[in-house]
Every structure is written in C-alpha cells, then in structure tokens.
Amino acid sequence: MPSTNRRAFIGGLAATAILITHPTMVAAQGSNSALRIIVPASAGSGQDVMVRSAQNAMSKALGRPVIVENLPGSGGIIGTQQLVKAAPDGNTIAFVSNNHTVNPAVYKKMPYDSLKDITPITIVGETPFLLVVNPQRLPVNNAKEMVALIKAKPDHYNFGSSGNGTILHLAAEMFVDQAGLKARHIPYKGAGQMITDLIGGQVDFGVLAVPAVQAHLKAGTLRAVAATGPTRVPSLANIPTLQEEGINVTVGGWLAAIGPAKLALTDVKRLNEAIVAAWTSPEVKKAMAEQENIINPTTPEAAVSTFSREQARYGDVVRKAGVTLD
C-alpha cells in the first residue's frame, strides 16, 4: 500500500475509534446542524415579520442555528413545495399562513396534497388584518367614506394583494363584493412589493396584516380605514371593524408550523416544544404584543384539526368569489 494511502487508512481507523469510544460526538454533530425554516412569503410580509421576530428564540430553544429562507410565489405554493420535498429528518420546517388551506380551492392542479403531504406541528397564533389605503390616492378616514368615493368612480381605483387567490386577495374581494364596489385587482408575488407600490401610489388600497404595515401607518404613508376581524385592533382602537361599518366581512390571518410528511413523532414533539418555548419567551411575547398578534400555540393534534376545518371553510369562500387558477 502506498504511504499516502496508508496514512489516510490509519487516519480513518483512528477517527472511527474516536467515534466508537465517544458516540456522543456523533449526536452532537447532528444536533449542531442548522434548522432550515422556509417562509413561503416575501420579506416584509406579516408572516415573515412574525417568524423573524422569533428566530433567535427558536435557536436558543433548540440549541442549534436557525436559518430563515423566504421563498414567495403562487400564494405560498413555491416555498411549500420545497418543504414537501425535504427529507422528514427534523431539519426543515415551514411557517405557513391561511394560504395553505386556501390554495386547494383556488388552483385546479396542486403539486402536492395540502393535508397528506405535510405534518402539522402547531398553529402558532393569529394576526389581525387591516383595510389600508394610500391617503394621497384615497383621502378617506373610514370605510364609509372610502365606499362612497369608489362608488362615485367605478373601475377607477385598484387594489393589490400578495397574489391571486391568497388570503389577502380573498379578504379584499370579500370587501369589494360586500360593499358593492367595482375595482381592479393587481396581484403581486408577495406582500412586500405590493406594499412598496401601495406607498408609491401604483396601488390604491388593499388588505394587509398589521405587522407588515405598522411602521407605514406611524409614518403616515399608509392609512388604516377599518379592521377586518371581529374586534378592533387594541393599538388602533379608533379604527372600527368592517362589521361596525355595516360591511359583512370578518377575516384574519393565522401562522402555522409544518414539517414534511412522515415526520417522526419525536421530531414533531421536539419542534412543537421549541416553538412553544420560543413564542412564549418574554422577548417574543413583547414583540408579538407590539405587532398585535394573538399567540396561543396549539398541540400537533389541534393543528391537524384546524387545517382540515380551514380547508373546508375557504373552499366555500373561494367558490363564492369565483377565483380559479390553472
């Protein structure tokens, strides 16, 4: 055997002997690998803001690095497809929104089964939505004024969304329908660019998650005219709900953690416990409260029930709105 190969062979035997003598080194190496978190939404979206607010706490709870990767597009399908393809080894999870349960009703063909090809880990909590306008394009202070202005110029105004068939699109469509308005829809590949164009005046109004627009509301570049949920947003107590304004719309968002199908129960339990620990830690609870998010992580079993129930619910909403995509 040549001397170079002999040295490599002996070195390999030595390394093997060390691992046999100290098996915990193998486990330590595996546990130190980074957890990949896929966010199938754009940077700056409410979904993204929530996840990144808990990134450090997640890393601390798991004792390993956590990497957040934005993969927006097609209402979350592009990013979620990567999650579905990932190995069920506990090293890749995704944080999805209502869009995950909306998509099966919107798209004629899906690259995966939204229920069978994932493993629900927890429903982290809920985030309120707001009906928001560009105050330069729509100089209104409430939903009633907004409806009157848009009705005076049918088809003159437009509204943006994070993409065709997304929950933000459906929420805006529900408002337009219930208010009896005519406005043009402009779909984006995520909420981030839509917000940029809303501020720039290319988009007139839209429905967005509170965390995504808080800074812009404070700066005055955007204006909230109504909350779309069942109650007012505490920090915006002067902004009535659409229901209070006589418009029959009640819709909000939620955030859920999922893994690939066939994720081991031990990994589901471990990840669920880490998410609960992270989102209930003092620093994340403070951030969530400031963002007006209602955090109440569920068990994996409760998450499974929520996914099935929400998918049935949004199927009815989509059929009524008539939104269908290839």
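Which residue forms a salt bridge with glutamate 310? Arginine 313 does, the closest N and O atoms being 3.8 Å apart. Some notes on that pair and the rest follow.

1. Ground rules. This is a predicted model, where local features need pLDDT of at least 70 and side-chain atom pairs count only at pLDDT 80 or more, while totals for chains, interfaces and linings use all residues. Residues are numbered from 1 along each chain as its sequence is written, and side-chain values use heavy atoms, with hydrogens and water left out.

2. The opening pair. A salt bridge here is a side-chain nitrogen of Lys or Arg within 4 Å of a carboxyl oxygen of Asp or Glu, and the structure holds eight of them. Glutamate 310 and arginine 313 sit three residues apart in helix α13 (residues 300-321), so about one helical turn separates them. (Helices are DSSP runs of H or I, at least four residues; strands are runs of E, at least two; both are numbered from the N terminus.) Glutamate 310 is buried at 8% relative accessible area, whereas arginine 313 is partly exposed at 35%. For those words, buried means under 20% relative accessible area, exposed over 50%, and partly exposed in between, with a 1.4 Å probe and protein chains only.

3. Aspartate 267 is buried at 15% relative accessibility, and arginine 270 is partly exposed at 30%. Lysine 269 pairs with glutamate 273, the closest N and O atoms being 2.5 Å apart. Lysine 269 counts as exposed at 52%, and glutamate 273 as partly exposed at 43%.

4. Threonine 228. Have a look at the loop between β9 (223-227) and β10 (253-260), which is where this residue sits. Threonine 228 is buried, at 1% relative accessibility. Its side chain reaches the backbone oxygen of valine 251 at 2.6 Å. Not counting residues up to four places away in sequence, threonine 228 touches (heavy atoms within 4.5 Å) several residues, including Phe129, Leu130, Leu131 and Val251.

5. The six-stranded sheet. The sheet is open, with mixed pairing and the order β2-β1-β3-β10-β4-β11. The edge strands are β2 (66-70) and β11 (294-295), each with a single partner strand, so one side of each has no neighbour in the sheet. Strands count as paired if DSSP finds at least two bridges between them; β1 (residues 35-39) and β2 run parallel and are joined by five. Isoleucine 37 has valine 68 as its bridge partner in β2. Helix α4 (residues 55-62) packs on the sheet and touches β1, β2 and β3 (92-96), its direction making about 140 degrees with that of β2. (Axes are lines fitted to C-alpha atoms, for helices over the stretch in contact, with angles from 0 to 180 degrees between N-to-C directions.)

6. The cores. A nonpolar core is a set of buried Ala, Val, Leu, Ile, Met, Phe, Trp, Tyr and Cys residues joined through side-chain atoms within 4.5 Å. The largest has 60 residues, and Leu130, Phe175 and Val213 are among those with the most contacts inside it. Helix α8 (residues 167-179) gives the most to this core, with eight residues. Leaving aside neighbours within four places in sequence, valine 213 is in contact with Leu130, Val132, Ile195, Leu208 and Leu222. A second, separate core has 28 residues, including Leu62, Phe95, Ala257 and Leu263.

How values were computed
Polar contact = N/O pair within 3.5 Å; in protein donor to acceptor, adjacent residues only side chain to side chain.
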